[in-house]
Amino acid sequence: MGVRGLATVRAMAPATLLEVEDLTYSYGDRHAVRGANLQCHRGEILGLLGPNGAGKTTLLSCVAGLLGGFRGTMQFAGAPFRPAHDAAARLQLGLVPQELALYDDLSARENLAFFARMQGVPAERRPAAVRRGLELAGLVDRADDRVRTFSGGMKRRLNLAIGDLHGPELLLLDEPTVGVDPQSRNHLFESLQALRAAGRTLVYTSHYMEEVQRLCDRVAVMHDGRVVAVGTTAELAARAGTPEANLEQVFLTLTGRSLRDDA
Ligand SMILES: Nc1ncnc2c1ncn2[C@@H]1O[C@H](COP(=O)(O)OP(=O)(O)OP(=O)(O)O)[C@@H](O)[C@H]1O
Ligand SMILES: [Mg+2]
């Protein structure tokens, strides 16, 4: 296909990559997500903020197909999407989980190779995918050391590289920078900005407001299982009636100041 053909395909692709409508999920009688709506635009980094217990991890787990039995609908690239059933579409998604998901007794390289197989990377492409993963994680020099000998930040970076191994169009990142030092954080930011520049779409959950303000194109705020606001920081501030406010001030206005984790 020529350049014009590619441009046409891009122009025809729906601007919304992921649409979540009226998502509801309960753990027994605990209502974690209560009718959440979210639209993620193709090529953006969408920040997903919310107090502890707001339902961010639950929402991402439903989208990634880890939790079934939710109510509501999803569309991916303009087509209905049932994450637990649509295996091909699910391969277009990657999840970097909040809880580290690594094998301590395997090396970085072995972890990447194992997950590349699990995530459907064809055998002939696995060596290159593993190499890219080691570079993304900044672990080329420690590739053959066991994960149990890694620092917390190194494990976080490897966790991220695993989520991205199969080159998914949409990457869901659940607090990828918890406990990492400024050097690792900068490395991660540069990696994520490079992914966006390559046309990928990212959903980015974090409690670090400056980080989100710096990295994300738009922000969605969750509160008590619902998405209560979406927009750029400036739009959210204007809507809250405080156009000069920073993201943290807007966040506190939208979600209150009391502790929420036992809500
Ligand atoms: N496995 C589980 N079993 C029962 N309840 C759960 C489970 N996981 C989460 N919850 C509950 O669901 C609600 C939403 O939790 P969730 O982990 O989705 O929030 P979160 O926004 O990701 O919070 P955090 O910022 O602390 O990671 C909370 O009330 C939590 O206690
Ligand atoms: Mg969470």
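Q: Why does Asp-224 count as partly exposed?
A: Asp-224 has 18 C-beta neighbours inside 10 Å. A residue is buried if 20 or more other C-beta atoms lie within 10 Å of its own, exposed if 12 or fewer, and partly exposed in between, with C-beta atoms placed from the backbone. The count of 18 falls in between, so Asp-224 is partly exposed. This is a predicted model: local features need pLDDT of at least 70, side-chain atom pairs count only at pLDDT 80 or more, and totals for chains, interfaces and linings use all residues. Residues are numbered from 1 along each chain as its sequence is written, while chains are lettered from A and ligands numbered from 1 in the order in which they are written.

Q: Where does Asp-224 lie?
A: Asp-224 sits in the loop between strand 9 (218-223) and strand 10 (226-231). Helices (H or I, at least four residues) and strands (E, at least two) are DSSP runs, numbered from the N terminus. Phi of Asp-224 is near 50 degrees, a positive value in a residue other than glycine.

Q: What makes Asp-22 partly exposed?
A: Asp-22 has 13 C-beta neighbours inside 10 Å, so it counts as partly exposed. Asp-22 is placed in strand 1. Its phi is near 55 degrees, which is positive in a residue other than glycine.

Q: Is Tyr-25 buried or exposed, and how do you know?
A: Tyr-25 has 22 C-beta neighbours inside 10 Å, so it counts as buried. Tyr-25 belongs to strand 1 (residues 16-27).

Q: Which residues does Tyr-25 touch, not counting those up to four places away in sequence?
A: They are Ala-32, Val-33, Thr-58, Cys-62, Leu-67 and Phe-70. Contact here means C-beta atoms, placed from the backbone, within 7 Å.

Q: Why is Ser-191 called partly exposed?
A: Ser-191 has 18 other C-beta atoms within 10 Å, so it is partly exposed. Ser-191 is part of helix 7 (residues 182-197).

Q: Why are helix 4 and helix 5 called oblique?
A: The axes of helix 4 (residues 108-118) and helix 5 (residues 126-137) come within 9 Å and cross at roughly 130 degrees. Angles under 35 degrees count as roughly parallel, over 145 as roughly antiparallel, 65 to 115 as roughly perpendicular and the rest as oblique. An angle of roughly 130 degrees belongs to the rest, so helix 4 and helix 5 are oblique.

Q: Which residues of helix 4 meet helix 5?
A: Helix 4 brings Ala-108, Arg-109, Leu-112, Ala-113, Ala-116 and Arg-117. Helix 5 brings Arg-126, Ala-129, Val-130, Gly-133, Leu-134 and Ala-137.

Q: What makes helix 4 and helix 6 roughly parallel?
A: Helix 4 and helix 6 (residues 152-163) pack at an angle of about 25 degrees, with their axes 10 Å apart. The angle is under 35 degrees, so the two helices are roughly parallel. Ala-108, Asn-111, Leu-112 and Phe-115 of helix 4 make the contact with Leu-158, Ala-161 and Ile-162 of helix 6.

Q: Which residues surround ligand 1?
A: The shell holds Tyr-27, Arg-30, Ala-32, Gly-50, Asn-52, Gly-53, Ala-54, Gly-55, Lys-56, Thr-57, Thr-58 and Gln-98. The test is a C-beta atom, placed from the backbone, within 6 Å of the molecule.

Q: Which element gives the most to this shell around ligand 1?
A: Helix 2 does, with three residues. Strand 2 (30-41) and helix 2 (56-63) each supply at least two.

Technical notes. Contact = placed C-beta atoms within 7 Å. Axes fitted to C-alpha atoms, helices over the stretch in contact; angles between N-to-C directions.
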